[in-house]
Amino acid sequence: MMQLRKAADRGHANHGWLDSYHTFSFADYHDLRHMGFSVLRVINEDFVAPRQGFPTHPHRDMEIITYILEGALEHKDSLGTGSIIRPGEIQRMSAGTGIRHSEFNSSSNEAVHLLQIWILPNRQGVTPSYEQIRIEPAELANRLRLVASPDGHDDSVTIHQDARVYAARLNGTEVTHSLAFGRHAWLQVARGELTLNGQALTAGDGAGIENESRLTLAANDTAELLLFDLP
């Protein structure tokens with residue numbers, strides 16, 4: 001069974017410095033039909049204007065993953081972390097007992113395009129932590145590359161949840177993913193067009209999957225995606 005979430009139906013908020021599309025309820029956008037999917041709570045597609053950013057703000061008990069599509073974002077947090085996140089890099093922040101952070105676009109002329117993802121943790125009150133990895137383009141080419149997992153398998157970032165996140169860039173190719181019995185999946189199309197088990201999807205579209213054992217993702221041209229394997 002597949003639950004489609006078309007890009008045009010998402011929540012939308014334009015704050016001037018931030019243009020944001022919400023797959024699930026977030027901030028002032030509230031829709032009881034779209035509060036999340038399994039342990040996946042937030043997928044925001046954000047465009048941050050040059051010389052703008054998110055001021056310092058707190059989080060608790062959430063696994064937060066940032067996936068950059070274009071531009072670069074400067075990160076600072078209360079753990080003392082300072083870093084720049086660029087395309088091909090994955091940022092994971094476990095908020096746990098509490099963390100404060102800011103994200104800023106230092107460019108004078110280029111917007112930052114990113115996906116921000118929140119996953120509910122499987123336990124509360126963990127020690128806050130931060131992790132960032134780089135993934136080379138070849139690792140994403142025409143294959144599902146594990147980017148987040150409970151145990152950091154295959155050089156992925158580690159999250160406090162029985163969930164696995166994969167990224168891929170398809171170029172006229174097809175990949176498959178087996179879904180174990182009782183598991184759920186969410187597909188988010190970041191760029192381009194593809195099909196999921198024959199269903200056409202375009203950039204910004206998402207799909208929740210239940211009671212399916214095999215997922216086939218195919219692109220006639222170039223497409224980029226995130227696939228979530230969820231409890």
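Okay, quick ground rules. Since this is a predicted model, local features need pLDDT of at least 70 and side-chain atom pairs count only at pLDDT 80 or more, while totals for chains, interfaces and linings use all residues. Residues are numbered from 1 along each chain as its sequence is written, and side-chain values use heavy atoms, with hydrogens and water left out.

Let's start with the sheet. We have 7 strands in an open, antiparallel sheet, and the order runs β2-β3-β4-β11-β6-β9-β12. Strands here are DSSP runs of E, at least two residues, numbered from the N terminus, and two of them pair if DSSP finds at least two bridges between them. At the edges sit β2 (11-14) and β12 (129-134), each pairing on one side only. From one strand to the next, the twist averages 15 degrees, with axes being lines fitted to C-alpha atoms and angles running from 0 to 180 degrees between N-to-C directions. Inside the order, β6 (residues 63-70) and β11 (residues 112-119) share 7 antiparallel bridges, and E63 faces I119 in β11.

Now look at β7, residues 73-77. Buried, by the way, is under 20% relative accessible area, exposed is over 50%, and partly exposed is in between, using a 1.4 Å probe and protein chains only. β7 runs antiparallel to β8 (residues 82-85), with 4 bridges, and H75 stands opposite S83. That hairpin has 4 residues between the strands, and G80 there takes a positive phi near 95 degrees. β7 also pairs with β10 (residues 99-104), again antiparallel over 4 bridges, with K76 opposite S102.

On to aromatics. There are 4 pairs in the whole structure, counting Phe, Tyr and Trp rings (six-membered for Trp) with centres within 6.5 Å; planes under 30 degrees apart are stacked, over 60 edge-to-face, the rest tilted. W17 and F54 have centres 5.2 Å apart and planes at 85 degrees, so that pair is edge-to-face. W17 sits in the loop between β2 and β3 and F54 in β5, 37 residues apart. W17 is partly exposed at 23%, whereas F54 is buried at 17%. Separately, F24, F37 and W186 make one cluster.
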